[in-house]
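Here is a quick tour of a protein model, from its overall make-up down to a few side chains. Have a look at it first.

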Amino acid sequence: MRPSLVARGDMPGGKHYIGWWGDMGGPKQKGIIQYSLSPFKQRAFKGALTGYVFNGYRRLAGHFPYFILPVVIGYTTYTWASDKYHWLNSKEGHQWTAAHEGGEH
């Protein structure tokens, strides 16, 4: 009886190490260049804070007209409605409502 191809194949086992990902022992790749910097030479956050202070301020100042108007309208509407709610639930508000709407409280 003839053994199957899988049994005859050179499958990696405990005694074979085929390498880490990208280094499987195959032919070397051509035309691929890798550059790297030492971790001691990299400065990931260089200028991040100063860049945010100046550039972030410029960007926020540019968007100021677009968000200040809705904020002002929303805040004035909220304060007006809150004041009216508290006044209508006061004794004076109940009396005014009863006098102008003809209802009894």
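## Overall make-up

Helices here are DSSP runs of H or I with at least four residues, strands are runs of E with at least two, and both are numbered from the N terminus. On that basis the protein has three helices and zero strands, running α-α-α from the N terminus on.

This is a predicted model, where local features need pLDDT of at least 70 and side-chain atom pairs count only at pLDDT 80 or more, while totals for chains, interfaces and linings use all residues. Residues are numbered from 1 along each chain as its sequence is written, and side-chain values use heavy atoms, with hydrogens and water left out.

## Surface

Helix 2 covers residues 48-88. A straight helix of 41 residues would span 60 Å at 1.5 Å a residue, yet helix 2 spans only 52 Å between its end C-alpha atoms; the expected span is 1.5 Å times one less than the number of residues. At Phe64 there's a bend of about 55°, with a proline, Pro65, following within four residues. The bend is the angle between axes fitted to the seven residues ending at a residue and the seven starting there.

## Phe64 and its partner

Phe64 also pairs with Phe67: the rings sit edge-to-face, 5.7 Å centre to centre with 80° between the planes. (Rings of Phe, Tyr and Trp, the last by its six-membered ring, pair if their centres lie within 6.5 Å; planes under 30 degrees apart are stacked, over 60 edge-to-face, the rest tilted.) Phe64 and Phe67 are three residues apart in helix 2, so about one helical turn separates them. Phe64 is partly exposed at 44% relative accessibility, and Phe67 is partly exposed at 38%.

Notes: Buried means under 20% relative accessible area, exposed over 50%, partly exposed in between (1.4 Å probe, protein chains only).
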